[in-house]
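Subject: The structure I promised you

Hi,

Here is the structure I said I would pass on. Have a look at it first, and then read my notes below.

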Amino acid sequence: MSRKYKFIDQSSLYFISTATVFWVDVFTREEYSNILMEGLSFCVKEKDLDIYAYCLMTNHFHAIIGTRGRPMDKILRELKQFTAKRILSAIENNPFESRKKWMLRLFEWSGKRTAGNEKYQFWQHDNHPVWLNSYDVIMQKLDYIHQNPVKAGFVDRPEDWRYSSAKSYRDWE
């Protein structure tokens, strides 16, 4: 694998992006979104993750992250394992989930094609880390993160998207 998609300097900031397999729109449900947000919060408190900006979309999320010592790839792997199990359980046990069979079938199909997988694959493997090695790159990625729901047509202003740090940045200015 090239250095392009690796965390090459643990003391630096990175832009990451990860998605559900097949880009399944799981995070259209508040229950599932909250599980991911709780997982991120846990990683901040217990796993030394620093989150400087984020945006959770319907099937993926972006963030600018750093760490206070632990390897970022390990933190993200644990986050993805934990949230995948919790979200899959929530889907399986949600009697009102109209897309349950379809989603679980896709996650199971993907899981069967992944070595070492128990049953389901929820997240795509890569986090696509981009090293933020200059102010201009940081600002470009920050703008990209916050403009994502606007460009998707979900909101008119970045700060109106519920699962985004854009409101915090607006309030801070």
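Let's start with a question: does tyrosine 144 count as buried, partly exposed or exposed? Tyrosine 144 has a relative accessibility of 34%, so it counts as partly exposed. Please keep in mind that this is a predicted model, and that goes for everything that follows.

First, the overall picture. The protein has five helices and four strands, and from the N terminus on the order is β-α-β-β-α-α-β-α-α. Its radius of gyration is 16 Å, which agrees with the value near 16 Å that a compact globule of 173 residues would have. Along the principal axes, the C-alpha atoms fill a box of roughly 45 × 40 × 30 Å. Of the 173 residues, 45% are buried. If you take the contacts with a separation of 6 or more, 68% of them are between residues 24 or more positions apart.

Now the core. The largest nonpolar core has 43 residues, and the ones that touch the most other members are Val26, Phe27, Ile65, Phe107 and Phe122. At least two residues each come from β1, α1, β2 (49-56), β3 (60-67), α2 (72-92), α3 and α4. Helix α2 gives the most, with nine residues.

Leaving out neighbours within four places in sequence, phenylalanine 122 is in contact with Thr20, Val21, Val26, Phe27, Ala84, Ile87, Leu88 and Phe107. One of these contacts, leucine 88, sits in helix α2 and is buried, at 8% relative accessible area. Apart from residues up to four places away in sequence, leucine 88 touches Leu104, Phe107, Tyr120 and Phe122. Leucine 88 and phenylalanine 107 are 19 residues apart along the chain, and 8.9 Å separates their C-alpha atoms.

Next, the aromatic rings. The count comes to nine aromatic pairs. One of them joins phenylalanine 15 and tyrosine 144: the ring centres are 6.0 Å apart and the planes are at 80°, so this pair is edge-to-face. It brings together distant parts of the chain, since phenylalanine 15 is in strand β1 (residues 14-19) and tyrosine 144 is in helix α4 (residues 135-151), 129 residues apart.

Phenylalanine 22 lies in the loop between β1 and α1 (30-46), while tryptophan 109 lies in helix α3 (residues 100-112), so the pair ties together parts that are 87 residues apart in sequence. Phenylalanine 22 is partly exposed, with a relative accessible area of 43%, and tryptophan 109 is partly exposed with a value of 43%.

There is a cluster of rings too: ring pairs link Phe27, Phe61, Phe107, Phe122 and Trp123. You have already met some of these names, as Phe27, Phe107 and Phe122 are among the core residues that touch the most other members.

Back at phenylalanine 15, what sits over its ring? That would be the charged end of lysine 141, 4.7 Å from the ring centre.

Histidine 146 is another one to look up. Histidine 146 has its place in helix α4 and is buried, with a relative accessible area of 8%. Not counting residues up to four places away in sequence, histidine 146 touches Ala53, Tyr54, Pro158, Ser164, Ser165, Ala166 and Tyr169.

Last, the cysteines. How many disulfides does a search of the whole structure find? The search finds zero. Cysteine 43 is in no disulfide, as the nearest cysteine sulfur belongs to cysteine 55 and is 18 Å away. Cysteine 43 is buried, with a relative accessible area of 3%. Cysteine 55 is in no disulfide either, and at 0% relative accessibility cysteine 55 counts as buried.

That's what I have for now.

Cheers

Methods
Residues are numbered from 1 along each chain as its sequence is written. This is a predicted model: local features need pLDDT of at least 70, side-chain atom pairs count only at pLDDT 80 or more; totals for chains, interfaces and linings use all residues. Side-chain values use heavy atoms; hydrogens and water are left out. Rings of Phe, Tyr and Trp (its six-membered ring) pair if their centres lie within 6.5 Å; planes under 30 degrees apart count as stacked, over 60 as edge-to-face and the rest as tilted. Buried means under 20% relative accessible area, exposed over 50%, partly exposed in between (1.4 Å probe, protein chains only). A charge sits over a ring if NZ of Lys or CZ of Arg is within 6 Å of the ring centre and within 35 degrees of the ring normal. Contact means heavy atoms within 4.5 Å. A nonpolar core is a set of buried Ala, Val, Leu, Ile, Met, Phe, Trp, Tyr and Cys residues joined through side-chain atoms within 4.5 Å. A disulfide is a pair of cysteine sulfur atoms within 2.5 Å. The radius of gyration is taken over C-alpha atoms; the globule rule is 2.2 Å times the number of residues to the power 0.38.
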